[in-house]
Amino acid sequence: MALSVYRDVLQLPKAPSIYLLGFLARFPFSATGLVLTLHTVMSLGQNYMMAGFVVTSSTLGAAISAPWRGRLMDTKGLKRTLIPPIIVNLVFWAIAPFLPFAILLPAVFVAGLFSIPVFSIVRTSLSVVTPATMRKSAFALDSVITEFVFMLGPAAGTLLVFTWGSHVAMWVIGAAVVIAGIGLMIVDPPLSSDDIVLPARIPEPLEVAETGLERSPAAVAERIAYENTQTGQMMALTEADLGVSDSESARALDEARSLARKQLLSLGGIAILVATVVGSIILVAGDLGIVALMEGLGHKDFIGPVIAIWCLGSAIGGLAYGAMSRDIHPLWVLFGLSIVTMPIALVSNLPTAFILCFISGLGIAPSIASTGEAISRRVPEIARGEAMGWHGSAMTIGSSLGSPLVGIIIDVGGAGTAFFSAGLIGLVVAVGGLVAMRVHRLRVRARAAKELGIEAA
C-alpha cells in the first residue's frame, strides 16, 4: 500500500481542477437539506416530521432524475444537460422563501427533478481522465473530499440560518447552486475521451455470458482492445479502422448503450446498487445514531467531536482503501463496514464512543468509493453518465429510507439498537449477495461447460 498513488492521480491532466470543482460545487447541495428543514420549522411553523417530508420530496425528485440526467450527459453533452436545471433552480430558490408549506412540498420535488447532477459529473469526469488502474484511488480521494464537504456544508448552512434567517440562507443556497451550474458549464469537465469509446475494463468471459454481450459484433473490437491493455499496449481504434459508416456507428452506439444498461441491471450490477443503498443507510445510522448516543450518555457537548472523529476515521479508511493494489468487491467492503458498525451498540462511556466510532468510520468512504468505482468499470464510457446517475440515485434512496427507519429504531430501542440493526442489515445483505453471486456464477459456468462440451472448473 503506497500513498504515493494519490500524487500520481493529482499529476494527471485536469484531475486537480476536477477535484477543486467538485469540492466547491457540492457545498450548496450539502447544506440544502438542513436549510430546508430549518426553514420549514422556524419560518413556516411546521414540526420536524413535516420538515422531513419536504427534504424527502426534494431527494425523491433528485433520485428519479439522476439516471435520466446522466443519460442526457451521455447523449447531449454537459451544456445542454445543465441549462434547464440552472433556469429551474434560479426560479425556485428565488421564490421558495415565500411559498406556503402546501406549495413548497411539491415545488421542492420539481426542483429535485431538475437538480444539477454534480456528483455524476465529477465521478464521470474522473473516470475519463484516470486510467483504469488508478480509478479506485481517484474515487477514494473524491470520497474523502466529499466527507469534508458534508462536514463543513451543513455547519455553514446552520450558521447562515441563525445569523441572517432562513430566507436569506435559501437565497444564498440558490445563488450558490446556480453559480455551481454555470461554473460547471464554463469549466466543461471532460465526460468522454476523444477516441472511440470502449470499456476501461472489459467484462470477464463469465460477466459477458451473463448479458449475452459476446453476441455483439462490437465485442470483437472490445476484446482486442482489452488484450492490448493487458499486455501494456494501447491501440486507438477509430470508426475508419473498424470500417463502419456514420449510420452504422450510431446504431453501434445505441446497441452499446442498451447492452451497458443490461450489464448494469444484471445480477452483479444490481448487487452493487443494493450495496450502495445499504451503505447509505449505515451512513445515516452513524449521523443520527451518534447524536442519540451522546444524548443518552449525557454528553451533548461531545456530539461534534465524536462526529469529527468518525469522519476522520472515514477519511483515513478511504485513503487506505484507495492506496491498495488489490480490488475488493463492494459487497466485501459492505461486509467489513457492517462488522465495524455493530459494536457501537456496546458503547457505555465517552472513551469507548470515540474509539468505536473512529473504527466504524474506517469503512464509510471505502464503501462509497468501491461502489462508484465498480459501477464505472462495469459499463463503457458512452453510458457512464447514466450509470453514475444510477449510483447517485442508489445513495439518495438509501439516505431517504435510512432517515425514517433509523429514527424509528432510535425512538423504540435507542441508539445502540440502531447501530446494531443497521450493521445487521448490511451483514445480511452482504452475505446474501455474495452467496447469490457465487451460486449464479457456478450455474453459468456449468451451463457454459455443458454447451462447450467440457468439464466445468
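Visitor: Why are H13 and H17 called roughly antiparallel?
Guide: In this predicted model, the axes of helix H13 (residues 267–297) and helix H17 (residues 364–378) cross at roughly 160°. Angles over 145 degrees count as roughly antiparallel, and therefore H13 and H17 are given that name. Their axes come within 10 Å, and their crossing is left-handed.

Visitor: Which residues in H13 and H17 meet?
Guide: On the H13 side they include Gly 268, Ile 272 and Leu 283, and on the H17 side Ile 364, Ala 374 and Arg 378 are among them. By class, this contact of H13 with H17 has seven nonpolar, six polar and one charged residues.

Visitor: What makes His 39 buried?
Guide: Buried means under 20% relative accessible area. His 39 has 0%, so the word applies. You will find His 39 in helix H2 (residues 15–43). Its contacts beyond four places in sequence include Leu 44, Pro 97 and Met 170.

Visitor: How do you know that the side chains of His 39 and Ser 166 make a polar contact?
Guide: Such a contact needs a pair of N or O atoms within 3.5 Å, one able to donate a hydrogen and the other to accept it. The polar contact of these two side chains is 2.9 Å.

Visitor: Ser 115 lies in a loop between helix H5 and helix H6. Why does Ser 115 count as buried?
Guide: Its relative accessibility is 18%. The limit is under 20%, so Ser 115 counts as buried. The side chain of Ser 115 also reaches the backbone oxygen of Gly 112 at 3.0 Å.

Key: Residues are numbered from 1 along each chain as its sequence is written. This is a predicted model: local features need pLDDT of at least 70, side-chain atom pairs count only at pLDDT 80 or more; totals for chains, interfaces and linings use all residues. Side-chain values use heavy atoms; hydrogens and water are left out. Axes are lines fitted to C-alpha atoms, for helices over the stretch in contact, and angles run from 0 to 180 degrees between N-to-C directions. Helices (H or I, at least four residues) and strands (E, at least two) are DSSP runs, numbered from the N terminus. Angles under 35 degrees count as roughly parallel, over 145 as roughly antiparallel, 65 to 115 as roughly perpendicular and the rest as oblique. A crossing is left-handed if the near helix is turned anticlockwise from the far one by less than a right angle, and right-handed if clockwise. Contact means heavy atoms within 4.5 Å. Ala, Val, Leu, Ile, Met, Phe, Trp, Tyr, Cys and Pro count as nonpolar, Asp, Glu, Lys and Arg as charged, and the others, Gly among them, as polar. Buried means under 20% relative accessible area, exposed over 50%, partly exposed in between (1.4 Å probe, protein chains only).
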